[in-house]
Amino acid sequence: MKTKTSINLDKNLVDILKRIAINKKVTQTEIITDYIKQGIENEPEINKTKLRVIVEQDPNASIDDMIGTIKAPKGFNSVKALNEIRKGEY
């Protein structure tokens, strides 16, 4: 799945990215995506989420369509769990 976004980059950086893309015969988006992936791979584990949610249904489905599909044990504190995930304490 792709998401369109806008970012502000230094002009010199854009010029370099254009040159690299031309030399490799790929788009600037492909170059930027590859570089971001490489950067994320080099991040410490604490900055990477280990939680993967795979939903095998319509990718255009609303979050409301998923309500009730996951059940947690009694006493589960979702706020605490989310904070732990955000801090890397999982």
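How many nonpolar, polar and charged residues does the lining of the largest pocket have, by class? The lining has 6 nonpolar, 6 polar and 3 charged residues; Ala, Val, Leu, Ile, Met, Phe, Trp, Tyr, Cys and Pro count as nonpolar, Asp, Glu, Lys and Arg as charged, and the others, Gly among them, as polar.

The model is predicted: local features need pLDDT of at least 70, side-chain atom pairs count only at pLDDT 80 or more, and totals for chains, interfaces and linings use all residues. Residues are numbered from 1 along each chain as its sequence is written, and side-chain values use heavy atoms, with hydrogens and water left out.

**Whole chain**

Helices (H or I, at least four residues) and strands (E, at least two) are DSSP runs, numbered from the N terminus. Of the 90 residues, 4% are buried (under 20% relative accessible area; exposed means over 50%, partly exposed in between; 1.4 Å probe, protein chains only). The chain exposes about 8800 Å², of which carbon and sulfur atoms supply 54%, by the Shrake-Rupley method with a 1.4 Å probe.

**Largest pocket**

Next, select Thr3, Thr5, Thr29, Ile32 and Thr33, which lie nearest the centre of the largest pocket among its 15 lining residues. A pocket is an open set of points on a 1 Å grid over the protein atoms alone, where a 1.4 Å probe fits, with protein on both sides within 12 Å along at least five of seven lines; lining residues have an atom within 4 Å of a point. The volume is about 420 Å³, taken as the space filled by probe spheres set on the points. Helix 1 (11–24) and helix 2 (28–41) each supply at least two lining residues, and helix 2 gives the largest share, 6 residues.

Select Lys11 and Asp15, 4 residues apart in helix 1, about one turn of the helix. They form a salt bridge, with the closest N and O atoms 3.2 Å apart (a side-chain nitrogen of Lys or Arg within 4 Å of a carboxyl oxygen of Asp or Glu). Lys11 is exposed at 58% relative accessibility, whereas Asp15 is partly exposed at 25%.

Move to Lys25, in the loop between helix 1 and helix 2. Lys25 has a positive phi of about 55 degrees although it is not a glycine, and is exposed, with a relative accessible area of 75%.

**Helix 3**

Finally, select Asn77, which caps the N-terminal end of helix 3 (residues 78–87) through a side-chain oxygen 3.1 Å from the backbone nitrogen of Val79. Just after helix 3, Gly88 takes a positive phi of about 80 degrees.

Conventions:
Polar contact = N/O pair within 3.5 Å; in protein donor to acceptor, adjacent residues only side chain to side chain.
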